Amino acid sequence: MKRVNLVLGVIAALSLVPAAASAQTLKAVKDRGSLICGVSQGLPGFSNPDDKGNWTGFDVDFCRAIAAAVLGDASKVKYTPLSAKDRFEPLKSGAIDLLSRNTTWTISRDVAYGNFAGVTYYDGQGFMVRKALKVNSALELNGASVCAQTGTTTELNLADFFRSNNMKYEVIAFGTADETVKAYEAGRCDVFTTDVSQLYSEKLKLTNPNDHVILPEVISKEPLGPLVRHGDDQWFDVVKWVNFAMLNAEELGVSSKNVDDAMKSNQPEIRRLLGVEGNYGEQLGLTKDWVVRILKQVGNYGEVFDRNVGTGSKLGISRGLNRLWTKGGIQYAPPIR
Ligand SMILES: N[C@@H](CCC(=O)N[C@@H](CS)C(=O)NCC(=O)O)C(=O)O
């Protein structure tokens with residue numbers, strides 16, 4: 001009898017272990033008073049520290065939006081810079097709460113590393129070459145040497161593209177973005193390849209950006225989005241709905257500039273978004289005004305896009321696929337109701 005009880009007790013204890021270890025991220029973040037966000041090691045426009053260690057960028061703003069929603073303060077974020085190769089393990093081990101680092105949603109990553117909470121940026125892989133090379137299309141790259149970063153979908157797509165077009169290439173791979181771009185600049189390879197948004201970003205690091213051109217071909221789908229641990233549905237919901245709320249705010253015309261006025265709106269969708277009606281924030285484990293805080297401190301999706309990577313920024317990328325569905329793009333968020 002005793003033995004049976006002991007066995008049952010051990011089974012019960014073991015079955016509690018994974019739940020306790022992997023759930024409760026929301027509570028852990030609130031108790032700690034800060035969000036630990038995994039970002040890149042330095043990708044201007046996406047996540048980049050200045051000389052004083054202040055981080056800015058599109059992916060950084062997503063971390064800030066989560067902190068505004070959960071903690072009421074967008075500045076309560078600790079950034080953990082991670083290389084492409086080493087980005088997933090800290091999420092699994094619990095060292096970070098969230099990975100917000102230009103990471104492509106693929107089936108193998110979804111199965112092995114966590115849940116993608118949405119697509120914050122629809123991207124695709126491209127190529128950059130020196131203008132002096134006089135190449136106008138990626139199909140003219142037979143025999144080229146190509147610089148890329150290890151641990152990325154980039155390496156895999158590169159192999160697919162050259163194989164499917166019966167072209168030869170040599171890949172020279174590096175562990176960091178800086179090493180990759182330096183090698184390209186030093187002439188160690190003819191071509192630099194990564195997601196197009198990152199080509200725009202890395203181009204800014206070159207001594208003479210105008211000597212280089214991004215070729216027209218986009219060879220893959222790179223849906224980039226934030227990743228959370230498996231087994232914590234509450235946290236998954238929070239992260240998912242922060243993204244959706246920022247998109248819905250743009251769609252409804254609510255921004256950092258007019259949020260106070262918008263709270264007086266009689267439009268039901270705006271009232272629900274801003275917590276004037278309903279208790280959607282509470283249902284997520286937050287407070288009623290969760291979206292108001294995101295908008296005041298960070299802005300809606302369009303404001304974040306424009307400021308960091310859009311035509312008003314140094315990168316100057318057009319919205320393209322990332323336009324709202326109401327404006328000819330594919331950004332579409334489920335409704336708050
Ligand atoms: N989206 C692709 C590529 C992501 C990636 O890491 N790209 C490099 C190329 S620029 C990068 O961001 N490096 C910045 C860093 O290592 O900090 C993926 O998820 O594998």
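Let's start in strand S10, where Phe174 is the bridge partner of Gln149. That pair belongs to the join between strand S9 (residues 144–149) and S10, which run parallel and are held by six bridges. Helices and strands here are DSSP runs, numbered from the N terminus, with at least four residues in H or I for a helix and at least two in E for a strand. Two strands pair if DSSP finds at least two bridges between them.

A quick word on the source: this is a predicted model, so local features need pLDDT of at least 70 and side-chain atom pairs count only at pLDDT 80 or more, while totals for chains, interfaces and linings use all residues. Residues are numbered from 1 along each chain as its sequence is written, and side-chain values use heavy atoms, with hydrogens and water left out.

Back to the sheet, then. It is open and made of five strands in the order S10-S9-S11-S8-S12, with mixed pairing. Strand S10 (169–174) and strand S12 (212–214) are at the edges with a single partner strand each, so one side of each has no neighbour in the sheet. From one strand to the next, the twist averages 30°.

Now look at the helices on this sheet. Helix H6 (residues 153–164) packs on it, touching strand S8 (125–130), S9, S10 and strand S11 (191–195), and its direction makes about 80° with that of S8. Helix H7 (residues 177–185) lies across S8, S9, S10, S11 and S12, and runs at about 160° to S9. Contact means heavy atoms within 4.5 Å; axes are lines fitted to C-alpha atoms, for helices over the stretch in contact, and angles run from 0 to 180 degrees between N-to-C directions.

Which residues have the most contacts inside the largest nonpolar core? They are Trp235, Val242, Val254, Leu274 and Trp290, in a core of 61 residues. H9 gives the most to this core, with 11 residues. Apart from it lies another core, of 13 residues, including Val135, Val146, Met167 and Leu215. By nonpolar core I mean buried Ala, Val, Leu, Ile, Met, Phe, Trp, Tyr and Cys residues joined through side-chain atoms within 4.5 Å. Buried is under 20% relative accessible area, exposed is over 50%, and partly exposed is in between (1.4 Å probe, protein chains only).

Not counting residues up to four places away in sequence, Trp235 touches several residues, among them Leu26, Ile66 and Asp97. The criterion is a side-chain nitrogen of Lys or Arg within 4 Å of a carboxyl oxygen of Asp or Glu.

Asp97 forms one with Arg32, with the closest N and O atoms 2.8 Å apart. This pair links distant parts of the chain, 65 residues apart: Arg32 is in helix H2 (residues 25–32), and Asp97 in the loop between helix H4 (89–93) and strand S5 (98–99). Asp97 is buried at 2% relative accessible area, whereas Arg32 is partly exposed at 35%.

Glu303 and Lys257 form another, at 3.5 Å between the closest N and O atoms. Glu303 lies in helix H14 (residues 301–308) and Lys257 in the loop between helix H9 (233–251) and helix H10 (259–262), so parts 46 residues apart in sequence are tied together. Glu303 is buried at 14%, but Lys257 is exposed at 73%.

Finally, salt bridges that share partners join Asp61, Arg64 and Arg307 into one network.
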